[in-house]
Amino acid sequence: MTLTFQSRDQLRAADAYKASKDLEKNDLNRLPGLILGDGLLPTLAFVIEKSESQEGMKKAMDRVAQYLFKEDICKPPATGRRDSEGLLEYLLSQDSLTLQHVTSEVLAYLAYLKRFAKKGNDETS
């Protein structure tokens, strides 16, 4: 019996490859800058707002949240939500060290999502 271990990067890449199928690069391009400039919590609050212009970014952050919950990097809040709103709820109850760790995971995952996402007019990158 052969045991194979995958690095965190391999797990991120494999999951992002599957999750990126219906995402567009345009929706992902602004997210890392928003997170680095404003922080993860304000960025989550921004994409959760009900606006058509943020719909694609919200879908992308929902995918990120699903990955974080699936890999047990974050625990689902009491509401049981496993989307960007659930991620925001979880992070609001955590310490700053957890927020730093999750922020670095989010940025690493977004890098793979951007690589695998479609360009605006159904071309693959």
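Residues 24 or more positions apart account for 66% of those contacts in the protein chain that have a separation of 6 or more. The model is a predicted one, and its protein chain is made up of seven helices and zero strands. Three aromatic pairs are counted in the chain, and the points below describe two of these pairs, together with the residues around them.

**Overall fold and dimensions**

- Read along the sequence, the secondary structure of the protein chain follows the pattern α-α-α-α-α-α-α.
- A compact globule of 125 residues would have a radius of gyration near 14 Å, and the protein chain agrees with this because its own value is 14 Å.
- Taken along the principal axes, the C-alpha atoms of the protein chain fill a box of roughly 45 × 40 × 25 Å.

**Surface and burial**

- Of the 125 residues in the protein chain, 43% are buried.
- The accessible surface of the protein chain comes to about 7200 Å², and carbon and sulfur atoms contribute 51% of that surface.

**Aromatic pairs**

- By the rule applied here, the count of aromatic pairs comes to three; in one of them, the ring centres of Tyr-17 and Phe-116 are 5.2 Å apart and the ring planes stand at 85 degrees, so this pair is edge-to-face, given that planes over 60 degrees apart count as such.
- Tyr-112 and Phe-116 form another aromatic pair, which is stacked, with 6.4 Å from centre to centre and 20 degrees between the planes.
- Both Tyr-112 and Phe-116 lie in helix H7, where they are four residues apart, or about one turn of the helix.
- Taken together, Tyr-17, Tyr-112 and Phe-116 form one aromatic cluster.

**Exposure of the cluster residues**

- Tyr-17 has a relative accessibility of 45% and therefore counts as partly exposed, and Phe-116, at 32%, likewise counts as partly exposed.
- Tyr-112 has a relative accessibility of 16% and so counts as buried, the cut-off for buried being under 20%.

**Charged groups over the rings**

- Lys-21 lies over the face of Tyr-17, at 3.6 Å from the ring centre.
- Arg-115 lies over the face of Tyr-112, at 4.9 Å from the ring centre.

Note on methods. Residues numbered from 1 in each chain as written. Predicted model: local features only at pLDDT ≥ 70, side-chain atom pairs only at ≥ 80, totals over all residues. Heavy atoms only, no water. Phe/Tyr/Trp six-rings, centres within 6.5 Å; stacked < 30°, edge-to-face > 60°. Buried < 20%, exposed > 50% of the residue type's maximum accessible area, 1.4 Å probe, protein only. Helix = DSSP H or I, 4+ residues; strand = E, 2+ residues; numbered from the N terminus. Lys NZ or Arg CZ within 6 Å of the ring centre and 35° of its normal. Rg over C-alpha atoms; globule rule 2.2 N^0.38 Å. Contact = heavy atoms within 4.5 Å. Areas by Shrake-Rupley, 256 points an atom, 1.4 Å probe, with all protein chains shown as cover.
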